[in-house]
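Trainee: Please take one part of this model and go through it closely. I would like to follow how the chains meet.

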Amino acid sequence: MKHATEYLTFETPHRRDYLNITDRVEAFVRQSGIHHGLVLVNPMHITAAVYVNDDERGLIADIDDWLERLAPHEPVSGYRHNVGEDNADAHLKRQLMAHQVVLAITDGKLDLGPWEQVFYAEFDGRRKKRVVVKVMGI
Amino acid sequence: MKHATEYLTFETPHRRDYLNITDRVEAFVRQSGIHHGLVLVNPMHITAAVYVNDDERGLIADIDDWLERLAPHEPVSGYRHNVGEDNADAHLKRQLMAHQVVLAITDGKLDLGPWEQVFYAEFDGRRKKRVVVKVMGI
Amino acid sequence: MKHATEYLTFETPHRRDYLNITDRVEAFVRQSGIHHGLVLVNPMHITAAVYVNDDERGLIADIDDWLERLAPHEPVSGYRHNVGEDNADAHLKRQLMAHQVVLAITDGKLDLGPWEQVFYAEFDGRRKKRVVVKVMGI
């Protein structure tokens, strides 16, 4: 069994941002030399998520609107967590997006469907954050 | 370490359908000859989900109603993604259902609790879709 | 490849409870002797979830309020599942919390960010329930 670990770092310009990181995960899988296995892509911060969905600008805007509707940022004082902080909504939004993904590796590549793209979703940005990529297989 | 990969194909009759696929996952795990490990069950399409919950008709109807309430199909024009498409809600519903599962394999079987059942949830059906089942272990 | 399996048991005093189980998962990973790999932490009951988020009292109260808003317990008769039962909301709440996590193991430890804590979330407590912890690696 082989394994490999990588830490991706992000610092996004806005409070909320959605970055397609498929190529970076794919590149690390290739570099690992693992042909069959699993890869975990997990944000190490609890106000961010990694998810798989479409890389389509309209959908990303819909996701952002929808998260705001189900877990609104305002009123900031409506959350008990927001004492000296204003990111309670980010902790909830990341739960709605299920926060992490595990992907199959087959024949040395991410075994994704035609439209599956891996995203880093930032809900409390403008500071450095890390995502761990852990590959296991043979 | 051993590994095995299977692709399940579904073409459901309605826009939304919920299929119990536990037996199919279990059968593939048995066939793989892997006794201890993990299995990823991941829809390869981004308008579907795999989840674990109860195989009880009332609950499935409750889940369907609830998804419609939190991520409604109508009005179709309310989503920016829906330009020449009408499935934006399906992309959101699959996020609410957390879209994929990883299951433990112990002594050659899925290590599930008494009521855990694995479901394929279709949110934009009436066409062929695939689910990848990736088994790793010894 | 090595593997190890543990079953944690919980019986919480209220219908809904949130327990930090990071130390218990960490202890089992250490005991397994696995240095690099993955660990699945999965509730074996479908009215509970395992999730990763902040161990902060205000946030836990916010999460509980928010789950009640998006998947309310009352009216009990509003759910078709609730025939001789009253826990339909628990089945939905656990979906919102994405129900399970997979964690990376690096150098014999859980590879978590500074605030990542693993929680057992009970949505239909006051009875014994189990969580399977499955470790795979080398």
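**The contact between the chains**

Mentor: In this predicted model, 14 residue pairs are in polar contact between chain A and chain B, both residues of each pair being at pLDDT 80 or more. On the side of chain A that touches chain B, β3 (36-43), β4 (48-53), α2 (57-70), β5 (101-106) and β8 (129-137) each supply at least two residues. The largest share of that side comes from α2(A), with 8 residues.

Next, the extent of the contact. It takes 36 residues from chain A and 28 residues from chain B. The two chains bury about 2700 Å² between them, and 63% of this lies on carbon and sulfur atoms. Three residues, A:Leu38, A:Asp62 and A:Trp66, supply 21% of the area that chain A buries against chain B, more than any other three residues. Across this interface there are 2 salt bridges. A:Asp62 forms a salt bridge with B:Arg80, where the closest N and O atoms are 4.0 Å apart.

Now move on to chain B and chain C. Here the contact takes 36 residues from chain B and 29 residues from chain C. About 2700 Å² is buried between these chains, 63% of it on carbon and sulfur atoms. In chain B, the residues that lose the most area to chain C are B:Leu38, B:Asp62 and B:Trp66, together 21% of what that side buries. The count of salt bridges between chain B and chain C is 2. In a salt bridge, the side chain of B:Asp62 meets that of C:Arg80, at 4.0 Å from N to O. There are also 14 residue pairs in polar contact between chain B and chain C, again with both at pLDDT 80 or more. The elements of chain B that give two or more residues to the side touching chain C are β3 (36-43), β4 (48-53), α2 (57-70), β5 (101-106) and β8 (129-137). Of these, α2(B) gives the most, with 8 residues.

The helix can be followed in chain C. There, α2 (residues 57-70) has 14 residues and reaches 20 Å from its first C-alpha to its last, close to the 20 Å expected at 1.5 Å a residue. Because 10 of its 14 residues are buried, α2(C) is largely enclosed by the rest of the structure. Among the buried residues are C:Asp62 and C:Trp66. At the N-terminal end, C:Glu56 caps α2(C), with a side-chain oxygen 3.0 Å from the backbone nitrogen of C:Gly58.

Last, the arrangement of the copies. Chain B can be laid on chain C with an RMSD of 0.0 Å by a turn of 120° and a shift of 0.0 Å along the axis. The two copies are thus related as by a three-fold rotation axis. In chain B, the C-alpha of B:Ala98 is the nearest to the axis, 3.0 Å from it.

Technical notes
Residues numbered from 1 in each chain as written. Chains lettered and ligands numbered in written order. Predicted model: local features only at pLDDT ≥ 70, side-chain atom pairs only at ≥ 80, totals over all residues. Heavy atoms only, no water. Least-squares fit on C-alpha atoms with pLDDT ≥ 70 in both. Helix = DSSP H or I, 4+ residues; strand = E, 2+ residues; numbered from the N terminus. Expected span 1.5 Å × (residues − 1). Buried < 20%, exposed > 50% of the residue type's maximum accessible area, 1.4 Å probe, protein only. Polar contact = N/O pair within 3.5 Å; in protein donor to acceptor, adjacent residues only side chain to side chain. Contact = heavy atoms within 4.5 Å. Buried area = accessible area lost by both parts, 1.4 Å probe.
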